[in-house]
Amino acid sequence: MPRKRHRDARARRIGLIILAACAIVAAPALIILFSVAGRSSSPWFGQYDPDTHPGYNFALTDQNGKPVRLQDLRGQAVLLSFGFTRCPNICPTTLGNLAAVYRKLPPAAQERTKVVFVSVDERDTPASLKEYVPFFNDRFVGLTGPPADIGTTARAYGASFRKAPATGGDKDDYMIDHSTYTHLIDPEGNLRVLYRFEQLPETEKIADDVLRVLAQAPGKQP
Amino acid sequence: MKRILCALLLSPGLIFAGDLKIEGAWIRALPPSSKSTAAFMTIVNRSDAPVLITGGSCPAAGEIKPMITTKQEDGVMGMAFVESFSVPAKGRRVLEPGGDHLMLMKLKEVPKAGATVPMVLTTESGGVKSHIHLDVPVR
């Protein structure tokens, strides 16, 4: 009988040790699990910037020859990307996806959203942008300007670009390697969300981000 | 009979083309001012030897060349010509938006959405050149 009690006590002790060991192992695992879950439960699809970083207030010219500054677009969500009109694959993919995002927005939100395409190609003009950008959506804005202004704007948005070697005999027949990120700028003019090129086909999720950015604006409903 | 035999001997493509299957081909509709556009498709190689796609031709374009998309860590993307796309034996090669594609260059006429464009792909396997005829929708 005492022998059995002794055995019980030992079993309890072992049980307690196992329990403690489990707790020691499990606690950090649970902490990691919760923090990962916490991160993935962020409502934002793109890379969200909670801090306030005002987007560079560019002053460029649109496809109708009209001057446009970022400041003029206050009160609207802006989806901003860089490219060039001779781009046969990357830029049409980007603009095609952004057109799908735009179509998914309710009309009231469309009114408060601008898709802006900044050309990094010195060969582009308001006329060439007019032939290209409205093809994807006639409300989209194509911007061009003096090379120095384009360079400053691109740098300010972390975008880079360079001429690729000419392909044929014609030295003007070249492509441009360029950044493929898309910025979502909030109605206050702050950089809010960044999308990688590969994320752009998720047009529904990006439309949700746009609605969220519009809803964040003080005193405004999307 | 003799003529048929001649035709078969002169065009190994007829025999060879059966080993290659093109799936889901399409050409991207672009603004009328465009100088070039891209064709996308999945090339399935059912043969026991790798096949190269070296380019192609179509009435609307001056030339068609294989292009790969280059990507750097900072999100900068670009394009580069390659001699050919290799399709592995019993394998496939996917040409898709934002990735590898066949570039239709020196466009005489920009293909319009809804149209169908006849296209010839030039292939090579074991040193033998061949052609595949396709009708590719534009969208």
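Tutor: Happy to! Let us start with strand β3 (residues 51-58) of chain B, which runs antiparallel to strand β9 (residues 116-125) of chain B and is joined to it by 5 bridges. Strands here are DSSP runs of E with at least two residues, helices are runs of H or I with at least four residues, and both are numbered from the N terminus. Two strands count as paired if DSSP finds at least two bridges between them. Within this pair, Gly56(B) has Leu121(B) in β9(B) as its bridge partner.

A word on the source: this is a predicted model, in which local features need pLDDT of at least 70 and side-chain atom pairs count only at pLDDT 80 or more, while totals for chains, interfaces and linings use all residues. Residues are numbered from 1 along each chain as its sequence is written, and chains are lettered from A and ligands numbered from 1 in the order in which they are written.

On we go along β9(B), which is also joined to strand β10 (residues 128-137) of chain B, by 10 bridges and again antiparallel. Here Glu124(B) is partnered with Lys129(B) in β10(B). The two strands form a hairpin with 2 residues between them, and Gly126(B) in the turn has a positive phi of about 55°.

Most residues other than glycine have a negative phi. Lys106(B) has a positive phi of about 45°, but its place is in strand β8 (residues 101-107) of chain B. Lys90(B) is partly exposed, because 13 other C-beta atoms lie within 10 Å, and Lys106(B) is partly exposed with 14. A residue is buried if 20 or more other C-beta atoms lie within 10 Å of its own, exposed if 12 or fewer and partly exposed in between, with C-beta atoms placed from the backbone.

Also in chain B is Leu104(B), which is among the residues that touch the most other members of the largest nonpolar core, a set of 79 residues. Such a core consists of buried Ala, Val, Leu, Ile, Met, Phe, Trp, Tyr and Cys residues joined through C-beta atoms within 7 Å. Leaving aside neighbours within four places in sequence, the contacts of Leu104(B) include Ile27(B), Ala39(B), Cys58(B) and Ile64(B); contact means that the C-beta atoms, placed from the backbone, lie within 7 Å.

Chain A joins in too. Strand β8(A) is linked to strand β5 (residues 76-81) of chain B by 2 bridges, running antiparallel, and His178(A) has Met77(B) as its bridge partner in β5(B). The contact between the chains takes 21 residues from chain A and 21 residues from chain B. On the side of chain A that touches chain B, α4(A) gives the largest share, 4 residues.

Of its 139 residues, 30% count as buried. Among contacts in chain B between residues at least 6 apart in sequence, 69% join residues at least 24 apart.

Notes:
Contact = placed C-beta atoms within 7 Å.
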